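Have a look at the model first, then read on.

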Amino acid sequence: MKTSERKNDWHQLPVDRVAEHLETALGDGLSDEAVNARRALHGENRITPKPGRGPLLRFALQFSQPLVVVLVIAGAVTAFLGEWVDSGVIFGVTLINALIGFIQEGRAESALVALARSVTSEVTVLRGGAKRRLPSTALVPGDVVLLAAGDKVPADLRLFRAKELQAIESALTGESTAVSKHHKALSPDTLLAERGNMAYAGTVMIRGQGAGVVVATGDATETGRISRLIAEAPDLSTPLTSKMAVFSNWLLIAIGLLAVLTFLIGLWRGESAFEMFMAAVALAVGAIPEGLPAAMTITLAIGVSRMARRRAIIRKLPAVETLGSTTVICSDKTGTLTENQMTVREIFAGGVSYPVSGSGYAPTGKIGDEADLPDLDSPDAVALRQCLLGGALCNDAGLRKSERHWEITGDPTEGALLVALRKGGLDEGTLQKQFPRLDEIPFDSARQYMATLHEIEGLRMAYFKGAIEQLLPRSTGMLDAAGTPVPIDRRQIEQRAGEMAAAGLRVLAVGRLVCLAGSALDREQLERDGCALQFVGLFGMIDPPRPKAISAVKACHAAGIVVKMITGDHALTALSIARQIGIVKAGGKTENTALTVLTGRELAELDDDALRRAAHAVHVFARVEPEQKLRLVRALQADGEVVAMTGDGVNDAPALKQANIGIAMGLAGTEVAKEAADMVLTDDDFAAIEAAVEEGRGVYDNIVKFITWTLPTNFGEGLVIMAAIVAGVTLPITALQILWINMTTAVFLGLPLAFEPIEAGIMHRAPRQPGTPILDGALIARIVLVSVLLLAGSFGLFLLELERGHTLAEARTVAVNVFVVVEAFYLFNCRSFERSALSIGFFSNPTVWYGIGTMVVLQLALTYVPLMNRLFSTAPIDARAWAEILALGFAAMLIVGVEKRYLHRHRRGPT
Ligand code: ATP
């Protein structure tokens, strides 16, 4: 193979020469041995990511936070004043703070990158004569890749088949209009952007079908060479974190002003400038919630990994928050609410209904009544045979038996037709060889049909299969059971299709068209001039609802979230499934189909106002074209809804982007949909959306819990300093002691709140209104209450200790311990918004206990280890002081408990 000799002139060679150079067979692909040899030579098909921000730079960036700047200035001035110990500790703490931020940020980033990578991109490859779905990393030069609309091109390909194939190559050329693709050789000097016979890695196919042979992989591709890949690091900011960043900046300004004021008041009262400067520093470092940014990032990251465990992969971090306020979920039907396990239950051909037995993909059932099985070779079953034949030839799926069970490749709707064919005793392999495909019109969800052309008994015959609304209007005749063309009986066909759909079956129609010799399938011409199809028959297939989706829809309703079904399927099929799943209730007003289901056609006639009303009132939308999803999302959003919308096709991308949460299917979704989405479901199951909403609410809860827990420390410390200055008393706590309290409690007492399990009633609350403030009145009141308790407790005990004749260091040590102990007790109040610490279980979050254990050791060290005493100006305290401190902590917990129970018992948390 001579890929290395040829650099980028594949476009000028005829296809057979390309195959010859790459030593591959276009019809069969590479053999496994050839693949192994090439993998050893070329490695994995992966572009080496551009290095992100290096660790040094990321560490340095930690120092750009305003808080850290304040600390550094304080440290520098303290050093200038000759207070070496204080200055050393301030710098030490600054460094530790930066280090914690650096490590946590790094972990959150790599977790997100790993999750993003876990959504692998797959491609259909021809190897050893068989179609296979493989991760795109497995490709080697010479591989034959089959492309369809929605695929992201996995490597550089020289196309050798292209049917209505169109690509968006903006990733490479910056041009966002679609370009048509073909397979003819081009002149050597054709520019890269004009090489219509090439498909380049990273570009996306938005239309049609095609096939190409891999000419370059990984870094050797054009994209790899120009290395336009963005660095992999995800953005860790979310609306909430940005809101908090703004809040912190204002806080900083306010604190700065207060610090200056404190300094001036002190001077005016005749205190020494040095003392007052240290007080101002204490105030500044105390009142800033240092742990907040890290706690938020960690809580979000924990939420992301919890969601991943429940099969929802977050691609964009803000989605975690938005999920908590979702008010409407618009879901696809097929595959999300249903299993996407199609089984043909009935065939209606030549005016006769044939039941089909058996279930799943094993072709072990029969076609027809057990007592009277039709003979497919008999002259009175010609229509049935034609229907099966059309379904099998106009088909891109595969059916094979693996070691244990039967499985299909490709679209389950098509797979089910192959299973039905085998139940009739025929075999698609033989038929496809006997009547090879000469041309095709690929399936497209907007057109809802596909067609293929074959040579059958000397005739050019095109088979069409698709939605009945597409095929019936194009049909002018039909076959009777014996295969004789007769005038079409539309009423009979529509009636049977309606009955099947009302029973929840997915209905697929088959038609055929005798074409002129030598002709090809030209979609535009067919659609322009119309065509006179011969109607052949209908397949009715069942696709059972997912059991978990039924309970998930129920949970959503309890959580005040409306679930709407938006499907490309028939109105009656959609309604029947919606009823089974509980999206609409059977009985009452909903019995009136016209009020319950809206079709794409009806939707198209509504103006924006009418659409808004309809989008609100109707829960099932059928025969919706992907483009209409965008209008629906907008209409719902205009009504103030927060919309989560699922999608899988290439045309769903705009709606996924417009939705507040775009959700793509991990299994059935196209690459284009996955890239547009905020979240990807690994098993396509609706239940994962409900789980993600629950987790999203939990994350928001835990962040609010952290804020409610941490702010009293800061406010309490600020109050203590200001009170001391105003009262003209020595500071009960020093700047260093404040730093110690803030840093240690944030990590060991506060962070465990990020691990707090989801509260039991979380899915019984109404969705959080977007724009509601993070803290409501009740929580602000609680924060003020605890801040005042901290002020009274620490100041009170500080003065009491001094009065008892203890040293200043001892009294300060007591004041510091008051802060830590009260915060530890208060932590139990913060674990739930409404419930008491006792009722949620004291031990239900073990990390709380690990944190408290560590804190006890640290406080004992601060109080009794001589080195710590020297560094932090502390001193050992006696048992009576400890008893008083613990009593204070316990009292604070009881007071907040009473406040929670009796003053704010009506509140149901912030979500
Ligand atoms: P959902 O949007 O809930 O996933 P869906 O799978 O029915 O629903 P589409 O895949 O857009 O949506 O299909 C729309 C219609 O097109 C189907 O109801 C069916 O009639 C027809 N159809 C689906 N798949 C094929 C296919 N492979 N070949 C021909 N027609 C098809």
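In this predicted model, Trp740, Thr744, Thr745, Phe748 and Leu749 of H27 meet Gly851, Ile852, Thr854, Met855, Leu858, Gln859 and Leu862 of H31, where contact means heavy atoms within 4.5 Å. The residues of this contact divide into 7 nonpolar, 5 polar and no charged; Ala, Val, Leu, Ile, Met, Phe, Trp, Tyr, Cys and Pro count as nonpolar, Asp, Glu, Lys and Arg as charged, and the others, Gly among them, as polar.

Two notes on the numbers: residues are numbered from 1 along each chain as its sequence is written, and side-chain values use heavy atoms, with hydrogens and water left out. Local features need pLDDT of at least 70 and side-chain atom pairs count only at pLDDT 80 or more, while totals for chains, interfaces and linings use all residues.

**H27 and H31**
- The axes of H27 (residues 735–750) and H31 (residues 846–864) come within 9 Å and cross at roughly 155° (lines fitted to C-alpha atoms over the stretch in contact, with angles from 0 to 180 degrees between N-to-C directions).
- H27 is therefore roughly antiparallel to H31, a label for angles over 145 degrees.
- H27 passes H31 in a right-handed crossing, with the near helix turned clockwise from the far one by less than a right angle.

**H28 and H29**
- The axes of H28 (residues 777–803) and H29 (residues 808–830) come within 8 Å and cross at roughly 155°.
- That makes H28 roughly antiparallel to H29.
- Residues making the contact include Arg782, Leu790 and Phe798 of H28, and Arg812, Phe819 and Tyr826 of H29.
- By class, this contact has 13 nonpolar, 2 polar and 4 charged residues.

**Whole chain**
- The secondary structure comes to 33 helices and 26 strands, taken as DSSP runs (helices H or I, at least four residues; strands E, at least two) and numbered from the N terminus.
- The C-alpha trace spans about 115 × 70 × 50 Å along its principal axes.
- Of the 911 residues, 54% are buried, that is, under 20% relative accessible area with a 1.4 Å probe, protein chains only.
- Among contacts between residues at least 6 apart in sequence, 71% join residues at least 24 apart.

**Domains**
- The chain is divided into domain 1 (10–49 + 113–226), domain 2 (239–305 + 693–903), domain 3 (312–338 + 547–684) and domain 4 (343–542), with bounds from an automatic or database domain assignment.
- The centres of domain 2 and domain 4, taken over C-alpha atoms, are separated by 71 Å.

Technical notes: Angles under 35 degrees count as roughly parallel, over 145 as roughly antiparallel, 65 to 115 as roughly perpendicular and the rest as oblique. Buried means under 20% relative accessible area, exposed over 50%, partly exposed in between (1.4 Å probe, protein chains only).
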